[in-house]
Amino acid sequence: MSSQSNIALSNWLMANNVENISSVDEIYRYDRKQQQDMLAAKPWDKDPHFFKEIRISALALLKMVTHARSGGHLEVMGLLLGKVDANTMVVMDAFALPVEGTETRVNAQSQAYEYMTAYIESAKQARVNRLENAIGWYHSHPGYGCWLSGIDVSTQMLNQNFQEPFVAIVVDPVRTISAGKVCLGAFRTYPKGYKPPNEEPSEYQTIPLNKVEDFGVHCKQYYALEVSYFKSSLDRRLLDSLWNKYWVSTLSSSSLTTNADYTTGQVSDLSEKLEQAENSLGRAALVSSGVGVSGSSIEDRRSEDRLAKAARDATKTSIEALHGLLAQKWYHSKQTPNSNTNSTPDINRPDSTNWADPTPATSDIAFPIPAAAIVEIPSMLPTVKSM
Amino acid sequence: MDVEESNQNLNVMASSGATGSISVLLHPLVVMNISEHWTRVRAQEGKAQQVIGALIGQQKGRSLEIMNSFELVFAVIDNIVIDRDYYNTKEEQFKQVFSDMDFLGWYTTGDAPNESDIHVHKQICEINESPVILKLNPFTRNADLPVTMYESVIDLVNGEATMLFVELSYTLATEEAERIGVDHVARMASGDSAESSQVAEQLQAQHNAVKMLANRVRLILEYIRAMERGEVPKSHEVLREAKSLTHRLPVLNSEIFQEEYYTQYNDVLLQTYLASITKACHDLHQFVTKFNILCDRQGIMGRRMRGLFF
């Protein structure tokens, strides 16, 4: 009965045009007065750690990811539009900028600036209700992780001086595909000379050897914001119905082949890191035999770190590969129901398939799953800080 | 007269003839764009309004790929009038960024196509010769994607050449990164909780897809069984399609495929082996270091205990 009354209620609401904008969609409303008050007050000037969280709309995420992916191996960049809400930055939309990615530019060229201003101006003037301001910029690091390089840090510091509030987002389309989940980070830099309170390093990510120095030098100059995503109620419905068509491609996607050269790159990078670790271990052994205990422990610790990191990188790569393999294996075994994989034979009905029982508990599948778990679980445990 | 005309605009010609003219590939990003546009307008203005925008993408021969979209400004003077200047500015802009995409059509929200759509369509035809129309219905209640695509044809009705809409079928583009993004956003609730394990997530995604597959197959099976029992009138079309489906099952069983497949399998296992060896080395190294420190400590006090085992 309640469902009937619900239907009646919603019919009445629709018929009488009673617009009850749910709280979920409130975020889409741009309150000009509130924003101007915020901009005048500038609470972020006093506290470099003012913004702690960032909420990104589903649309902005999709746009960033597709744009980054379309760049292939070149870095691409674009601008974010949004607003501020207490300690949270809200990104409503993103748009791409016409710049070539070469990573050797500190300022985007004038063409990009023109484009930027023209875009925002036309969006504001016209009645398309796009009233938000530029709130940040995004760019992609295809294949080498979500962090800010030295040039990025200086660009962001410049932006934060002149265009507050501003955030830098980095997205990695290659790792997104390889890991099967979105690889994105949002950062704000500290002002020059500010010593951050000692905080935990954020989630570890593997950095290729040729970039690891750039990462290490600058990683203390910025901090990461906590990222969450939001979507409207219509988005939710559309996404549900999209899933009705999308599940086919989830099954048929093969991440192993799509990302083959990325994986080979990772493996060769791993081998270089191992060589480095080996060299430093050799040195440590020499040192420890001569000098006393304290000297060796420092050297050991550094080389241990290297080896530990190498081990972690290796596990991460292999986990991703295993995932791809799992998908492949499942798909393969489902494609050949006449082979001796499934345990529910249904011989009486020749035209029915063996898929009546949807539990693919075959011995072939079982192997990759424990392998993936075995490799993954120990690496998730906090590494015991020894001595 | 007006009512009759708008009814006739829904004229769907014989399904086989007209719909085969163009094939359309639609990216989910476009759907999300339109949804966000509509939600934004609704949130700002307080009530839902019709929104109009342009579709861009690539056209290769007879297949269209709609990759992106942007908003259009329109004024309501009797009928809807599109602002050409705004369109021209936007066109310049998107040519700078997406240089290989062209204007392909326009979109709007609403239910079935009607008179005002024809009017807008005529204006759009001045920009591009044969645009396609995408209609998104934000109020629908069923689970299907409420997106329909149309193209226009000029037909002779009552001796006059009038423009009519013909429905097009479309498929969703399935680019990997987009799929992951859509998946990620779809699965996450408004109150987000931190994901626990990568394996669990991956398996969850696969499980969902598998569940869908199992459901669909079960549905087909039930239908065929019902036909057998005579509850449902026999439909030869459905039977034919089911038969062709089962015939396609052992898709790739050739020698070459097996070889490649097992090579890939072995590659991945080798990688796992490498990872476990590296981990083992690391653990061993840590163990030996700790042990050495222990022994050396004793060694400082009395120089007897050198080495591991005495």
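This is a predicted model: local features need pLDDT of at least 70, side-chain atom pairs count only at pLDDT 80 or more; totals for chains, interfaces and linings use all residues.
**View 1**

**View 2. Helix α4 of chain A meets helix α3 of chain B.** The axes of α4(A) (residues 58-70) and α3(B) (residues 28-45) come within 9 Å of each other and cross at roughly 150°. Their crossing is left-handed. On the α4(A) side, look for A:A58, A:L59, A:L62, A:K63 and A:T66; on the α3(B) side, the contact is made by B:L29, B:M32, B:N33 and B:E36. Sorted by class, five of these residues are nonpolar, two are polar and two are charged.

**View 3. An edge-to-face pair in chain A.** Over all chains, the count comes to eight aromatic pairs. One of them joins A:F50 and A:F51 edge-to-face, at 5.0 Å centre to centre and 75° between the planes. A:F50 counts as buried because its relative accessibility is 13%, and A:F51 counts as buried at 0%.

**View 4. A stacked pair in chain B.** Here B:F70 and B:Y87 are stacked, with 6.4 Å centre to centre and 25° between the planes. B:F70 lies in strand β3 (residues 63-71) and B:Y87 in helix α4 (residues 84-97) of chain B, so the pair ties together parts 17 residues apart in sequence. Both B:F70 and B:Y87 are buried. Ring pairs also link these two with B:F94 and B:F103 into a cluster.

Conventions. Residues are numbered from 1 along each chain as its sequence is written. Chains are lettered from A and ligands numbered from 1 in the order in which they are written. Side-chain values use heavy atoms; hydrogens and water are left out. Axes are lines fitted to C-alpha atoms, for helices over the stretch in contact, and angles run from 0 to 180 degrees between N-to-C directions. Helices (H or I, at least four residues) and strands (E, at least two) are DSSP runs, numbered from the N terminus. A crossing is left-handed if the near helix is turned anticlockwise from the far one by less than a right angle, and right-handed if clockwise. Contact means heavy atoms within 4.5 Å. Ala, Val, Leu, Ile, Met, Phe, Trp, Tyr, Cys and Pro count as nonpolar, Asp, Glu, Lys and Arg as charged, and the others, Gly among them, as polar. Rings of Phe, Tyr and Trp (its six-membered ring) pair if their centres lie within 6.5 Å; planes under 30 degrees apart count as stacked, over 60 as edge-to-face and the rest as tilted. Buried means under 20% relative accessible area, exposed over 50%, partly exposed in between (1.4 Å probe, protein chains only).
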